[in-house]
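Please read the points below with the sequence and the coordinates open. They are comments on particular residues, grouped by where they sit.

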Amino acid sequence: MEKLIEIANKAVADYGFRQIVQWSPKDIVAQWQLSTREAEILVGVIKDEMDRLPIPVEPKDVPVEQERLAGVIQKALG
């Protein structure tokens with residue numbers, strides 16, 4: 001779970017990284033050595049949430065979005 005939260009946090013704060021998460025998830029899976037379950041969540045729930053984020057996320061909104069996505073990830077794993 002920690003890897004997914006770290007990926008999501010970075011993607012919220014860095015639009016360039018978010019594009020990699022959205023459009024090249026296999027690269028992220030390999031680089032971060034994600035499990036099969038983590039990979040499923042990355043290409044499913046996390047991608048869906050990344051698609052909904054504004055471009056870019058305003059700096060003042062980054063912590064709120066990061067916290068929200070951490071909750072989404074925890075729910076998906078639970």
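1. Pro56 belongs to the loop between H4 and H5; helices here are DSSP runs of H or I with at least four residues, and strands would be runs of E with at least two, numbered from the N terminus. The peptide bond leading from Ile55 into Pro56 is cis, and its omega is near -15 degrees.

2. The model is a predicted one, in which local features need pLDDT of at least 70 and side-chain atom pairs count only at pLDDT 80 or more, while totals for chains, interfaces and linings use all residues. Residues are numbered from 1 along each chain as its sequence is written, and side-chain values use heavy atoms, with hydrogens and water left out.

3. Gln33 is exposed, at 64% relative accessibility; exposed stands for over 50% relative accessible area, buried for under 20% and partly exposed for what lies in between, with a 1.4 Å probe and protein chains only.

4. Helix H1 covers residues 2-13, 12 residues in total, and spans 17 Å from first to last C-alpha, close to the expected 16 Å. That expectation is 1.5 Å times one less than the number of residues. Leu4, Ile5, Ile7, Ala8, Ala11 and Val12 are its buried residues. Viewed down the axis of H1, they fall within an arc of 160 degrees and so line one face of the helix; the arc is taken over the directions from the helix axis to the C-beta atoms. Glu2 and Ala13, on the other side of H1, are exposed.

5. What do the buried residues of H1 pack against? Their partners are helix H2 (15-23), helix H3 (25-32), helix H4 (36-52) and helix H5 (62-77). From H5, Ile73 has a relative accessible area of 0% and is buried. Apart from neighbours within four places in sequence, Ile73 is in contact with Met1, Leu4, Ile5, Ala8 and Ile46, where contact means heavy atoms within 4.5 Å. Ile73 and Val29, by comparison, are 44 residues apart in sequence and 16 Å apart in space, C-alpha to C-alpha.

6. Gly71 also has its place in helix H5, and at 33% relative accessibility Gly71 is partly exposed. Between Gly71 and Glu38 there are 15 Å in space, C-alpha to C-alpha, with the two 33 residues apart in sequence.

7. The count of salt bridges is six, each being a side-chain nitrogen of Lys or Arg within 4 Å of a carboxyl oxygen of Asp or Glu. Side chains of opposite charge can pair when their charged atoms come close. One of the bridges joins Lys47 and Asp51 at 2.8 Å, N to O. The two lie four residues apart in helix H4, about one turn of the helix. Lys47 is buried at 17% relative accessible area, whereas Asp51 is partly exposed at 40%.

8. In helix H5, Glu65 and Arg68 are three residues apart, again about one turn, and their side chains form a salt bridge at 2.9 Å, N to O. An α-helix has 3.6 residues a turn, so residues three or four places apart point the same way. Glu65 is buried, with 17% relative accessible area, and Arg68 is partly exposed at 34%. Both belong to a salt-bridge network that links Glu49, Arg52, Glu65 and Arg68.

9. Lys60 and Asp61 form a further salt bridge, with the closest N and O atoms 3.2 Å apart. Lys60 is exposed, at 67% relative accessible area, and Asp61 is partly exposed, at 28%.

10. How many aromatic pairs does a search of the whole structure find? The search returns zero; a pair needs ring centres of Phe, Tyr or Trp (its six-membered ring) within 6.5 Å, with planes under 30 degrees apart counted as stacked, over 60 as edge-to-face and the rest as tilted. Rings do take part in charge contacts: the charged end of Lys10 sits over the ring of Phe17, 4.6 Å from its centre, and that of Lys47 sits over the ring of Trp23, 4.2 Å from its centre. The rule asks for NZ of Lys or CZ of Arg within 6 Å of the ring centre and within 35 degrees of the ring normal.
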